[in-house]
Amino acid sequence: MTARTLILALTVGLAGCAGGDPITTATPPMTRLLPAASELAGWTVAEGPAEYSPDTLYEYLNGGAERYQSHGFRRLLHIRYQLGGDPLACVTLDLYDMGSELGAFGIYSAARPAGLEPMQWGAEGYRSGSIAAAFRGSIFIHGEADDDRQELVEMLEKLVSGVAGGADGSVSPPAILAPLPQTHRQAGSERYVPSNLLGHSFLPGGVLAGYEIDGRRAELFVTDLGAEADAVAAVAALRAHFESRETIARGAPTFGDDGFRTTDPIFGQGSVVRSGNLIAGIHGDMLVQEREDILSRLIAEATEAASRR
Amino acid sequence: MVETIDRRRFLELGAATAGVALGCGRGDPEPPPEDLPLTMRYRPLGATGLQVSEIAFGAHGVDNASLMAAALEAGINTFCTSGGYMDGREEEALGDAIARIGTPRDTIVILTGEPPPGAGDTVETISAKIDTSLKRLRTDFIDVYCNAQVESTGDVLSEPLFEAFERAKKAGKVRHLALAGHHGGMQEFLEAGIDCGRYDVFFTKYDFVSYPEQDEILNRAAAKGIGTMVFKVGAGNRKHEIEDLERGGLSFHQATLKWALGHPEVASVAVTLTNFDRIRESVAAVGRGLAAAETAMLRRYADEMVHRYCRFCTTCEAACPHGVAVAEIMRYEMYFSCYGRKSEAMRLYGRLPGVAKAEACADCRGSCDAACPFGREVRAGLLDARARLDLHRA
């Protein structure tokens, strides 16, 4: 531990000792995001604030830490607020510095339950029962009330929205989502996977999103290999994967390059194309014209965005 | 050449020995040929009657049904998750993938669970959590329900959990109870788990660096019919060290799997399988002993890591002329640095009797260093801990 880290740890530790004292703003950025004691009438700090590093996150999240690590986790600030003298009337607040907006969005989107109405907290937020979450910039905010009593839930929302409001970063969705076609897209289905897209080590991270037309569903994916030669090699490897499983179907999309169709017992019917550095595909139980229309709109939008740059 | 190794002595080998071993083993790697058919093997999980694949699918973070299907094709029949991961999304993803693949439920083994009951938990709330897991997993029963992430003996001996489990078992919702965790005091918790007679399975961290005593604990558990599955076999998986060690073409990952599976009472190793290559690499380790070069690689890695851990064995305390409570202080230091329980750690240190604190260490010659069976620099560690834990000094 460096001297600087040690000083930081001690400062945080001493703040925790004070139980209920205001969290000062002279320490690291993450504690700066916490509310002052004056905003917490009737509440005290029951636990923390405590910091976890990439090396110690396992002690807090057990095996669940791996997913955070893979998204670029830098540090966690954990604190627990208590209402009055009841140790079972608390709200736990965890602030994860994920190192990047994509990392924060990635972990947020992995935790987000399907079908929830998003809240205008930071770039996006939600509450599901006694759990609330949001992200903004590189910060992923997760809160949980001990139960769904109104006063606890109100505090939960206040804490998560407050931290999201004070965090640095854009309140718009990450730019990586911009090329995704809007029509037929399932709200809240967008996800960012940091590596091994579709389970392939030759694909980097990428974006996935769900689409639905008259009950027929499909999942769209897109990844940027960074260089056309790498994309050519990766799409060939992807095709080889399906060939080895004897799941290549007849025909190919009429747009993009190196396109092919698949029929996978799990993924359903699929279409894959390459366009420049990008590899994109869609699979599910949609009709071929429906899914390739969505895929072609993605390619067109991504191509246009690239030309604008 | 497959090397026979004394597992307990593995950690006690010094750097010189490791160097010799590396020299002996060089040129004898066992890379898995690409075209080698993968063959899974199965082991009984204690007295549960379950047969688990030697490699288990650590399902968290992987919501890719195709990947899971590939694992099933490779013979992996055991899937591990937790209701505590990602607010339950991990269990949902596993349930969804199993449904999409259409695997008959009785051909796979599912482990899931929750962290130990908290102060507000009752038999009813724990029962509700079991029901929630069943719903998310889209199954009627859980093969092994884990009391996960235990941090104290109190966690191990949770009566509300035992009662909720027994109720769920009678209702056919769960079949076996596991004790799961990876904390510094895990050996003590495993001992408590053996003694209490309530657990059918251990699911615990197990690696070639941390706890040599654990082999004997697993043997005692096996004698009581407790089956053991393990995880985190990579001893920290330090990238820099591993990259260096793998330059000769060896797979550190495979070597650690072979090491863990070398214990006859380890039924299965849970691995986070994030891509198809990882499945192949992991399954290819099954049924193969450690090659000499792999053993040497693990020894070199252990040499790098061994000085970083206090095992709380108290051997050094007998050598301390001042009566310093080394193990207690190092445990509090772990609370402070690893668990984020800083204020508690400082309070606990403050309550130690004056002589038991590390006050005398600054002017001591450090007989503890020589006494440590793991070669740790104990005195330096105590001084470091004192700097963190002593409120007045801070």
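This section describes selected features of chains A and B in a predicted model.

In chain B, eight strands form a closed barrel. The order is β3-β4-β5-β6-β7-β8-β9-β10, and the pairing is parallel. Neighbouring strands of this sheet are turned against each other by 30° on average, with direction ignored. One of the pairings joins strand β9 (residues 227–231) of chain B to strand β10 (residues 266–272) of chain B. These two strands run in the parallel sense and share 3 bridges. Within this region, M229(B) stands opposite S268(B) of β10(B).

Helix packing was also examined in chain B. Two packed helices are described by the angle between their axes and the distance between the axes. For helix α7 (residues 186–196) of chain B and helix α8 (residues 214–223) of chain B, the angle is about 15° and the axes lie 10 Å apart. Angles under 35 degrees count as roughly parallel, so α7(B) is roughly parallel to α8(B). The crossing of α7(B) past α8(B) is left-handed. On the α7(B) side, the contact is made by Q187(B), L190(B), E191(B) and I194(B). Helix α8(B) contributes Q214(B), I217(B), R220(B) and A221(B). By class, this contact has 4 nonpolar, 2 polar and 2 charged residues.

Chain A holds several backbone features of note. Most residues other than glycine have a negative phi, and most peptide bonds are trans. A cis peptide bond joins G48(A) to P49(A), with omega of about 5°. P49(A) belongs to strand β1 of chain A.

Positive phi values occur at E246(A) and D258(A). E246(A) is exposed, because 7 other C-beta atoms lie within 10 Å and the cut-off for exposure is 12 or fewer. D258(A) lies in a strand, β11 (residues 257–264) of chain A. With 18 C-beta neighbours inside 10 Å, D258(A) counts as partly exposed.

A loop residue of chain A gives a buried example. L34(A) is placed in the loop between α2 (29–32) and β1 (43–52) of chain A. L34(A) has 26 C-beta neighbours inside 10 Å and therefore counts as buried, the threshold being 20 or more. L34(A) and I107(A) are separated by 73 residues in sequence. Their C-alpha atoms are 21 Å apart in space.

How values were computed. Residues are numbered from 1 along each chain as its sequence is written. Chains are lettered from A and ligands numbered from 1 in the order in which they are written. This is a predicted model: local features need pLDDT of at least 70, side-chain atom pairs count only at pLDDT 80 or more; totals for chains, interfaces and linings use all residues. Axes are lines fitted to C-alpha atoms, for helices over the stretch in contact, and angles run from 0 to 180 degrees between N-to-C directions. Helices (H or I, at least four residues) and strands (E, at least two) are DSSP runs, numbered from the N terminus. Angles under 35 degrees count as roughly parallel, over 145 as roughly antiparallel, 65 to 115 as roughly perpendicular and the rest as oblique. A crossing is left-handed if the near helix is turned anticlockwise from the far one by less than a right angle, and right-handed if clockwise. Two residues are in contact if their C-beta atoms, placed from the backbone, lie within 7 Å. Ala, Val, Leu, Ile, Met, Phe, Trp, Tyr, Cys and Pro count as nonpolar, Asp, Glu, Lys and Arg as charged, and the others, Gly among them, as polar. Two strands pair if DSSP finds at least two bridges between them.
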